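Biologist: I'm new to reading protein models. Could you walk me through a few features?

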Amino acid sequence: MTKNDQPSTEPAREQPNSGRTPIVAIGASAGGLEALKSFFSSTPIDSGIAFIVITHIKPHRASMLPEILANATDIPVIRAEEDTEIKVNQIIVAKDSLLNVEKGKLYSEKWDGEQEMTYHPIDHFFRSLAHDQKEHAIGVILSGSGNDGTLGVKEIKSTGGMIMVQDTGTAEYTGMPASAQATGFADYVLPPKEMPAALIAYCRGPFLQRSSKAPMIQLPESAIRSILERLRYHTGHDFTEYKQNTMARRIERRMNVHRIKEPGEYSRFLKENSKELNALFQELLISVTSFFRDPESFVFLAENILPKLLKQLNDGDNLRVWVPGCATGEEAYSLAILLDEQLWKINRLFEIQIFATDLDHKAIETARSGLYPQGITADVSAERLNRYFSQEDGSFRIHKNIRDMIVFAVQNLISDPPFTRMNLIACRNVLIYLDHDAQQRVLPTLHYALQPGGVMVLGSSESLGESGDMFEIIDHKHKIFRKKDKPGHVYQPHPLPGRDLKSSEAGVDQTFPLNRRKAHLSRIIQSLLMERFVPAAAIIDDTHKIIYLQGRTGLYFEPEQGEPKNNILEMAREGLRPALRAGIQQSQKEMIRVEKKDIKVKTNGEHIHVNVSIEALSTPKVLRGMILITLVQSSVESTNSSKKTKKQGPRDPSALDEMERELAYTKENLQSTIEELETSNEELRSSNEELQSTNEELQSTNEELETSKEEMQSLNEELNTVNSELESKVRALARTNDDMNNLLNAMQIATIFLDSELKVKRYTKQAKDVIRLIETDIGRPLSDLTSTIPYDELTRDCEHVLNNLATKETEIRDKNGHWFQVKIMPYRTVNNVIDGVVVSFINIDRLKRIEAEKDTAILAKDLFLGIIETLREPLMVLDKNQKVVIVNSIWYKTFRTHEEETKGKYIYELGNGQWDHPDLRNLLENILSTNSVMTDFKISQKFPYIGHRTFLLNARKLENEQNEPNLILLVFKDVTKETH
């Protein structure tokens with residue numbers, strides 16, 4: 001922030017918006033509070049800017065935002081009310097309704113939607129601000145989830161406004177900033193605390209400081225020419241036929257973004273900064289549109305035009321549609337939806353082919369994906385959303401059957417060949433950006449592209465101009481026209497001059513002027529003639545057709561009766577024709593100026609003498625090959641005038657001189673005619689020989705064509721076969737792709753596919769739970785993404801696997817305590833080529849729990865065994881069938897037996913059945929079933945090896961938490977001594 005940007009110590013002066021003050025609309029949602037506080041804490045109180053804060057808060061939900069912001073800044077903060085006047089040096093916070101702006105005042109609009117996904121207050125206000133404030137509208141997008149504001153960003157840019165977006169690295173929630181950046185329309189990407197300084201510098205620049213009524217700055221043509229040349233060299237596209245004012249205005253806006261005041265400096269800046277060339281290219285393209293833009297026109301098409309077009313078709317026919325300047329595809333998809341609805345209505349089957357073209361390859365890529373923000377709910381009805389769209393990552397993707405109707409391609413409408421045999425062309429809001437001459441070249445191209453009776457739709461601000469005779473008006477209000485079959489009209493391509501970047505003529509400046517309009521022939525010719533002071537003259541082409549006439553030429557030329565032929569020799573008056581023919585022939589042949597003196601010409605019943613000058617032109621370039629004829633009446637008096645003033649005798653010397661001149665002139669004309677006749681005869685003989693030779697060549701060519709036709713038919717059959725095979729392979733590939741998607745989803749494993757540059761190519765749905773991924777992250781580097789697992793070495797390990805081709809596995813615990821096995825392995829193609837890596841995140845929580853439980857069980861068992869071994873009394877553990885599972889060492893010592901004689905045996909089999917007592921059986925069986933306890937069950941008898949003994953048996957059930965069968969703990973207490 002500069003010194004002048006520091007907050008003033010004086011109270012802020014709230015001033016009404018004068019019309020020149022920019023209005024800054026700030027959109028924020030989740031995580032936006034801290035960003036707003038950071039933004040306004042860095043904003044001086046006398047910035048001279050009006051701020052309006054729009055948050056994506058659920059309708060009818062109370063907000064304490066005004067109070068919170070008031071504590072963070074000294075700038076006055078108020079809530080938006082009905083008819084709130086927008087003032088500078090003030091913050092207005094929107095309430096829980098949709099806001100509109102009109103002539104510097106805010107008006108609320110009730111939201112009647114039932115579903116929250118249709119509530120997009122930021123998009124709504126950005127659109128309203130763009131339409132009302134034009135280039136004085138500024139949009140700021142701060143932290144937030146979702147994509148509210150994305151469509152509004154495009155609207156503000158289309159009217160010449162400015163967009164500022166929070167750097168995603170500083171945003172708590174990156175959804176809204178990332179979506180806004182993905183449009184390519186962000187002028188600044190900054191942290192919130194750095195935004196005010198850049199904002200104030202932009203607003204104080206010359207672009208917005210000039211009054212809207214002030215004339216536009218006249219940018220030097222040489223600097224503009226340099227800028228456009230750099231842009232043409234960088235992108236291959238020429239913008240010299242765009243409207244000069246629009247183009248200059250947008251160049252000036254880009255200069256203001258970078259605080260550059262001189263065009264020459266900006267041209268040098270472009271030379272050193274290719275990113276700015278791309279930004280300027282996007283600025284000039286203005287790729288902004290929306291679904292069903294101008295709804296009344298689409299309703300008229302659906303009700304009055306499309307049914308008639310479809311009615312003209314037979315079953316199985318194709319309906320061909322062309323949408324030039326399709327931008328990001330919304331209009332093309334709108335037409336496809338209308339056509340699909342019509343097909344359902346009439347219950348007939350046609351193949352719909354829609355060709356959508358644009359100069360912007362990025363816009364074409366967006367159109368092909370068919371993925372649009374939720375803000376389209378403002379333009380697309382709920383019924384159409386449900387029928388033609390599916391929700392995907394907070395966005396809407398148009399269904400595949402609609403996408404398959406359309407072929408998107410990059411095309412230059414001015415210079416590239418058009419499509420043909422179109423039933424409908426929707427060229428809306430394209431011509432308004434072109435200058436007059438470009439428009440008059442494009443319209444004949446569109447006329448040529450339509451089939452007879454085809455329909456063309458233009459934008460509401462566009463007209464046919466001089467091409468009105470090519471079309472008939474169907475509906476003037478909606479600018480819908482039908483092609484006329486204009487006799488003699490043949491499409492002629494008009495490539496842009498200088499399209500070949502390397503073509504140039506020695507000594508001729510091939511740079512592009514700012515306003516490359518087609519040269520008006522009349523102005524150039526007038527300039528030339530005025531330089532030479534030609535009183536009466538004509539310009540003709542090499543076929544003697546008159547191109548232009550200057551001065552009083554009626555003395556020398558007179559049109560014949562009947563259909564005008566415009567041939568100067570046929571229009572020449574009596575006496576002038578032979579001299580003209582001879583002079584033209586000589587001038588063309590020798591490329592010199594030919595002078596004819598004192599030619600006697602009959603005009604208006606009298607004879608005059610004329611001096612004729614004939615010159616074949618070589619300069620200027622636009623007139624090269626044409627012939628300039630100038631006619632000046634000589635000083636010799638007309639014959640009739642001489643007879644009136646003086647009676648001349650038959651031997652009068654002056655009469656003899658006159659006759660001699662006429663005789664010499666006649667001889668000269670006769671000689672010229674003879675030479676022309678001889679030349680013509682030679683040419684005819686030569687032509688006859690050439691025709692004979694040509695005839696033989698044509699016969700040979702015809703035979704070759706017949707052969708080629710047969711080969712083409714054979715080739716066509718092969719192509720049909722190959723096409724069928726390719727269609728089969730495409731279907732198989734689609735099935736395989738579906739199988740793969742279902743397999744990946746069924747496996748429930750988070751997987752990310754990276755290319756060789758570690759940029760995201762593809763990912764499964766589960767991957768979004770591990771790494772924050774959205775659809776627009778395709779193509780982004782892995783290092784730019786945030787993850788829920790603390791694995792800082794992920795990028796480094798991916799590079800290691802890519803370089804060494806060795807699989808790497810590691811176990812990571814995320815912030816929520818979940819365990820993942822991260823497996824990184826090379827991505828191998830069918831041809832065994834390494835084309836990236838595959839990163840899998842396998843949830844191993846269950847495995848970890850099992851391992852932990854197993855360790856616990858082992859520990860518990862060891863502990864249990866340790867405990868029973870410390871007891872000094874015999875002890876055993878029985879299973880549910882009363883088989884021995886565990887026996888302590890005291891048991892073996894007391895009863896003098898071994899493990900193999902005890903373990904796995906029924907207790908009733910031990911010691912030759914010494915424990916087989918019916919009462920003991922019942923008690924042990926009831927312990928597990930009734931959860932009872934056996935206490936002091938007395939057995940007194942003679943035992944092998946140890947004699948007569950008395951034992952008290954105590955037993956209880958051992959609980960098992962592992963859902964395994966329960967056990968019985970049985971303890972033997974020797975009370976022999978106590979009983980004797």
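This is a predicted model: local features need pLDDT of at least 70, side-chain atom pairs count only at pLDDT 80 or more; totals for chains, interfaces and linings use all residues.

Biologist: Is Thr950 buried or exposed?

Modeller: Buried means under 20% relative accessible area. Thr950 comes in at 2%, so it counts as buried. You'll find Thr950 in strand β36, residues 947–958.

Biologist: How far apart are Thr950 and Thr976 in sequence and in space?

Modeller: They are 26 residues apart in sequence, yet 4.7 Å apart in space, C-alpha to C-alpha. Contacts of Thr950 beyond its neighbours within four places in sequence include Lys938, Ile939 and Thr976.

Biologist: And how do I read a pair of aromatic rings?

Modeller: You describe a pair by the distance of the centres and the angle of the planes. The whole structure has 26 aromatic pairs. Take Phe895 and Phe951: their centres are 5.2 Å apart and their planes 35 degrees apart, a tilted pair. Phe895 sits in helix α25 and Phe951 in strand β36, so the pair ties together parts that are 56 residues apart in sequence. Phe895 is buried at 7% relative accessible area, and Phe951 is buried at 0%.

Biologist: What angle do helices α3 and α4 make where they pack?

Modeller: About 5 degrees, with the axes 7 Å apart. Angles under 35 degrees count as roughly parallel, so α3 and α4 are roughly parallel to each other. By class, their contact has five nonpolar, three polar and three charged residues.

Notes: Residues are numbered from 1 along each chain as its sequence is written. Side-chain values use heavy atoms; hydrogens and water are left out. Axes are lines fitted to C-alpha atoms, for helices over the stretch in contact, and angles run from 0 to 180 degrees between N-to-C directions. Helices (H or I, at least four residues) and strands (E, at least two) are DSSP runs, numbered from the N terminus. Angles under 35 degrees count as roughly parallel, over 145 as roughly antiparallel, 65 to 115 as roughly perpendicular and the rest as oblique. Ala, Val, Leu, Ile, Met, Phe, Trp, Tyr, Cys and Pro count as nonpolar, Asp, Glu, Lys and Arg as charged, and the others, Gly among them, as polar. Buried means under 20% relative accessible area, exposed over 50%, partly exposed in between (1.4 Å probe, protein chains only). Contact means heavy atoms within 4.5 Å. Rings of Phe, Tyr and Trp (its six-membered ring) pair if their centres lie within 6.5 Å; planes under 30 degrees apart count as stacked, over 60 as edge-to-face and the rest as tilted.
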